[in-house]
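Work through the two exercises below with the model open. Try each task before you read its solution.

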Amino acid sequence: MAFVQFSQVSLAFGDRDILKNVSVNLMTGTKAALTGANGAGKSTLIKVMAGLVQPDSGTRVAQKDSRIAYLPQSGLTHHGCSLREEADRAFAFGYEIQSQIDALGTQLEKGEGNTEQLLVRQAELIAKLEESGWHRREATAESVLLGLGFSHEDLSRQTEEFSGGWQMRIALAKALMQNPDILLLDEPTNYLDIEARTWLESFLQNYKGAFLLVSHDRYFLDVTVNEVYELFGGDLKRYKGNFSHYEQIREVELKTLIAEYEKQQDEIAKLEDFIRRFGVQATKAAQAQERQKQLDKILAKKIEIPESLKKIHFKFPPAPHAGNLVLRTKALSKSYDGKRNIIENLDLTVENGELLVVAGRNGAGKSTLLRMLAGVDSVSSGEIIPGSGVKIGYFSQDNAETIKGSESILDYVESNAPTELIPKIRDMLGSFLFRGDDVFKPLNVLSGGEKSRIALLKLLLSPNNLLILDEPTNHLDMHSKDVLMNALKDFGGTVIFVSHDRGFIEGLATKVLELKNGCHREFPGDYKYYMERVAAEEAGLVAVPGENKAAPVQAAVEPEKSAGKLSWEEQKKLEAEKRKAEKEVSRIEEEISKAEEEKSALEAKMALPEVYSNGAKAKEVQQKIDTIASKLEELNQAWETAMEKVL
């Protein structure tokens with residue numbers, strides 16, 4: 001069994017502890033995620049594991065001949081050969097092993113060395129080479145490259161022809177092709193569309209080795225990992241289960257942490273107040289010094305709240321009133337070369353309040369459609385008819401180019417915000433990853449990703465009633481995505497968007513428009529229903545509607561009863577009932593908690609001498625305890641009944 005073990009690893013940058021006595025063991029079968037706030041040191045820890053950064057102290061032990069593959073977040077480029085040739089470089093380890101096997105064969109032929117030892121070593125290397133899959137390298141390379149979105153034609157293209165995002169796909173493909181014992185992946189989904197992410201999910205689910213990955217895609221983590229490591233304040237803690245399970249446990253821990261934090265803050269305030277008031281008085285000097293010692297001890301163990309777990313909620317400006325019909329298209333078509341239509345004869349009706357996601361593979365025309373709807377790109381034929389009173393706000397990564405100047409982030413955002421939201425701007429900036437002194441950075445020193453986040457926030461602070469968003473979750477961490485999704489749910493207007501984050505899509509979309517090979521289909525339901533419908537069609541359980549380019553096929557997308565599928569309306573009804581039951585469970589749990597607290601208080605009262613020594617008082621308290629005990633029994637039964645509906 002391959003493994004890499006780290007014991008008591010520490011690393012500091014200046015006076016800041018990045019890692020404090022961190023221990024972790026990655027072995028065959030490990031499927032783990034590494035999480036933590038931005039700047040917590042996740043990328044540094046992965047580099048330490050990969051052997052690229054040396055820690056200040058601690059030990060790193062790897063099993064002999066264990067192979068480790070590491071993928072950084074960005075910065076890798078390839079040139080000087082075709083994609084197929086570059087892929088073959090991923091198998092360099094196999095060529096090296098084959099070279100050793102050949103050298104041993106030559107020694108055996110010449111009768112050099114200990115024949116038995118040479119034969120044993122040769123057999124070991126042959127077995128290792130076979131196990132690595134090296135002999136199937138060409139098929140493996142093609143399978144991985146196609147899975148990550150490359151085409152057969154791409155295989156013969158020169159690598160320098162690919163853009164930055166595709167360069168990182170090449171790097172990811174090479175890491176996977178190596179079939180290493182341990183995979184270390186830092187944000188592997190950053191440059192992947194949803195189809196490539198789905199393929200990678202399946203690859204990792206079936207991966208025989210170990211992997212540790214960092215990602216801001218909750219859905220991706222939920223379906224690939226079974227344990228989570230959280231890095232916070234230099235400490236590393238392990239949680240069993242997928243990412244959602246980790247978040248549930250961490251939320252409970254956070255409640256306790258916040259209570260301790262508030263208690264500590266209150267104690268710090270009292271000590272500081274005493275020292276400030278009496279520190280200069282000779283009669284109180286000794287007491288003030290004693291308070292200072294107490295304060296120093298507390299500050300040495302000061303409690304911090306993880307930034308990524310602070311819950312921030314805010315609402316964007318109310319959407320201006322618009323009619324029920326927000327936007328229509330008639331026979332909308334788009335071609336860039338005058339020969340092939342990327343979008344053809346699209347008839348679409350968008351109603352007020354809809355949250356429409358545009359789905360389809362890269363190159364299907366999703367971004368093109370959004371640009372046309374926003375009036376940024378021209379129409380080849382057909383027309384776009386906006387409804388009465390519609391005010392469109394459009395976001396794409398190109399918006400970042402408009403963010404420039406020496407103005408600070410805070411001043412820039414405040415100058416573009418409605419007056420009533422100015423007091424909340426710091427919280428909003430925090431939720432978009434601008435925390436602490438970051439808000440005072442001038443615009444002209446920001447990275448492209450930082451400018452993109454500012455452009456998105458600026459748009460959301462504007463009074464629009466139709467938001468057209470192209471990849472709004474790029475450059476956002478998981479917490480920021482949650483804040484954005486919740487704000488869009490409460491928006492009150494209409495949203496048309498494209499995203500590669502499945503969790504974000506599933507949490508937001510109420511309708512799906514699929515673009516495929518110039519055709520289009522509408523699915524009146526959420527994204528989960530759309531995926532189930534497509535899967536049923538591919539499995540032959542549901543008939544695929546005729547390829548009618550001119551008309552949506554809303555009537556044809558109802559799941560068939562014979563296929564064992566629920567209709568979208570039935571699904572929504574069940575989900576509504578489940579949400580109602582979940583609220584009932586929460587209500588009952590609150591009552592149980594209050595009743596238990598009251599019962600505990602009465603039992604403590606019963607232990608007081610003035611109560612148990614007084615017969616009348618003791619009887620009165622005991623009656624109250626019995627009444628609450630009966631109530632608790634009823635509440636627990638009601639909780640069990642409600643939980644059955646949830647499960």
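**Exercise 1.** At what angle do helix H9 and helix H10 pack, and how far apart are their axes?

*Solution.* The model is predicted: local features need pLDDT of at least 70, side-chain atom pairs count only at pLDDT 80 or more, and totals for chains, interfaces and linings use all residues. Residues are numbered from 1 along each chain as its sequence is written, and side-chain values use heavy atoms, with hydrogens and water left out.

Step 1. Locate the helices (DSSP runs of H or I, at least four residues). H9 covers residues 243-278 and H10 covers residues 285-300.

Step 2. Take the angle between N-to-C directions, on a scale from 0 to 180 degrees. It is about 150°, and the axes lie 9 Å apart.

Step 3. Name the arrangement. H9 is therefore roughly antiparallel to H10 (angles over 145 degrees).

Step 4. List the contact (heavy atoms within 4.5 Å). H9 contributes residues including Ile268, Leu271 and Phe278, and H10 residues including Ala288, Leu295 and Ile298.

**Exercise 2.** In what order do the six strands of the open sheet lie?

*Solution.* Step 1. Read off the order of the strands (DSSP runs of E, at least two residues): S14-S15-S16-S12-S17-S18, with mixed pairing. Two strands pair if DSSP finds at least two bridges between them.

Step 1. Find the edges. Strand S14 (392-395) and strand S18 (519-523) each pair on one side only.

Step 2. Check one pair. S15 (residues 466-470) and S16 (residues 494-498) run parallel over five bridges. Here Leu467 stands opposite Val495 in S16.

Terms used
Parallel < 35°, antiparallel > 145°, perpendicular 65-115°, else oblique.
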